[in-house]
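Trainee: Could you walk me through this model and show me how to read its features?

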Amino acid sequence: MSRRRTLLGLPVMVAVTMASLTATAPAEPTTAHVPGDVHLATFGIPGSTGVAHTVRRGDGSWTGFGYIGTNHSQRQLVSAIVDGEEHLIYEDYSGLPYRPSLHHRIRHADGSWSEVTPGPVGTTGSTNDLAVAAVNGELHRVRRGSDDQLMKHAVRRADGTWASEVVVPAATTATMNAAIAGVGDTLRLVVDDTAGGRILPSYVRYADGTWAQTADVPFTPAPAEVTATDVELAQVGSDLHALVIGSDGEVYHALQRPTGEWTTFTNVASQTGAPGSAVNSASITASRGVLHVAVATDGDRLLHTIRSGDGRWLPFGDVLAANSSSPPRPLSITIAGS
């Protein structure tokens, strides 16, 4: 199994402040998501009370953590902002007997949450990999089920209805992960086979629903022995950014220019400072023309950084260190902004 979220995205550090964590979500300002806000969600060790959620405002301040739902055995945590609302999807496998199911929750303009139908999810088995992205006011979802290992794509339309799942014409394996990002009116997909390798297959879905394979992404960081174990995508301006967790527990970043050329993957820690221990989960998103990166480590740290448009990085900031009542041992994380 990969190191990714348990299943398949500025030189001065801003001060982090948080309210105490409570068993129920604290009241949030009754304003819609605005560009500059970044939503972060995480869950901890099995048995914790649901998914913990916070918002980093555009001014750098954080709201307090609050819990969403009562499910206590989550995985596959992903999110995206669509027309000012946050869509959070995760799988829960706490039912007895073992009955994994997807949950889809939406954070509305008044800060409240509601649960909606998770859309088509097949007939049997759990989801081995999950990814979501916003494209032209619609939520796109890619998932790979344990029943047939096929990668399938579905769209939640603006009216809340779902289109049927269709099989993505991409080779799959039992250990692969996938990441997606909206690029204009298209959807980009990059696949990572965690069995090992330094080439990441890439695909594009056009507005008419057709798929095509594009040039592979070359994951070739300096340590020749390092292979990819997880990949995340985000479109920032005209550039497509990729973040890869390596087999060495480090995180590597590269971007694709509009010309189609990829920069060399470089170790993020060389710009942000070391995270302190191996990274086991990561998530990236765009907000106001910059890249936000969140990582969780084997040392139970939850860290955040920003890469500006000119290539400068903030040092890693410890999100949990500012609050003594934080989610226990973050095991999976997701961030979403616009």
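Trainee: What is the mean pLDDT of the protein, and how many of its residues reach 70 or more?

Mentor: Good place to begin, since this is a predicted model. The mean pLDDT is 84, and 81% of the residues reach 70 or more. Over residues 1-31, however, the pLDDT is below 50, and this stretch has 123 contacts in the model beyond near neighbours in sequence. Local features here need a pLDDT of at least 70.

Trainee: Let's turn to the sheets. In what order do the strands of the sheet with β1 and β24 come?

Mentor: The general idea is that strands of a sheet pair through backbone hydrogen bonds, either parallel or antiparallel. In this case the order is β3-β2-β1-β24, an open sheet of four strands with antiparallel pairing. Its edge strands are β3 (66-68) and β24 (332-337), each of which pairs on one side only. Neighbouring strands of this sheet are turned by 30° against each other on average, direction ignored.

Trainee: Over how many bridges do β1 and β24 pair?

Mentor: Strand β1, residues 38-43, pairs with β24 over six bridges in the antiparallel sense. To find your place in that pairing, look at A41: its bridge partner in β24 is T334.

Trainee: Which strands are at the edges of the sheet that holds β8 and β11?

Mentor: Start with the order, which is β8-β9-β10-β11; these four strands form an open sheet with antiparallel pairing. The edges are β8 (127-135) and β11 (166-167), and each pairs on one side only. Further in, strand β9 (residues 138-145) and strand β10 (residues 151-156) run antiparallel and are joined by six bridges. R141 has A154 in β10 as its bridge partner.

Trainee: I'd like to look at β5 next. Is strand β5 largely enclosed or open, and why?

Mentor: Burial is read residue by residue, with under 20% relative accessible area as the cut-off. Strand β5 (residues 85-92) has seven of its eight residues buried, so the rest of the structure largely encloses this strand.

Trainee: Which strands does β5 pair with?

Mentor: One partner is strand β4 (residues 74-82), which runs antiparallel to β5 and is joined to it by seven bridges. In that pairing, Q74 stands opposite D92. The hairpin of β4 and β5 has two residues between the strands, and D83 there takes a positive phi near 50°. Another partner is strand β6 (residues 101-107), also antiparallel to β5 and joined to it by seven bridges. Here I89 has H104 in β6 as its bridge partner.

Trainee: Now the salt bridges. How many does the count come to?

Mentor: The rule asks for a side-chain nitrogen of Lys or Arg within 4 Å of a carboxyl oxygen of Asp or Glu. By this rule, the count comes to seven. One of them joins D37 and R57, whose closest N and O atoms are 3.0 Å apart. This pair links distant parts of the chain: D37 is in the segment before β1, and R57 is in the loop between β2 (51-56) and β3, 20 residues apart.

Trainee: Are D37 and R57 buried or exposed?

Mentor: D37 counts as buried, at 4% relative accessibility. R57 is buried as well, with a relative accessible area of 15%.

Trainee: What does the salt bridge between E165 and R143 tie together?

Mentor: The side chains of E165 and R143 meet at 3.4 Å, N to O. E165 lies in the loop between β10 and β11 while R143 is in strand β9, so the pair ties together parts that are 22 residues apart in sequence. Both residues, E165 and R143, are buried. This is where R141 returns: R141, R143 and E165 are linked in a network of salt bridges.

Definitions and conventions
Residues numbered from 1 in each chain as written. Predicted model: local features only at pLDDT ≥ 70, side-chain atom pairs only at ≥ 80, totals over all residues. Heavy atoms only, no water. Pairing = 2+ DSSP bridges. Axes fitted to C-alpha atoms, helices over the stretch in contact; angles between N-to-C directions. Buried < 20%, exposed > 50% of the residue type's maximum accessible area, 1.4 Å probe, protein only. pLDDT = per-residue confidence, 0-100. Contact = heavy atoms within 4.5 Å.
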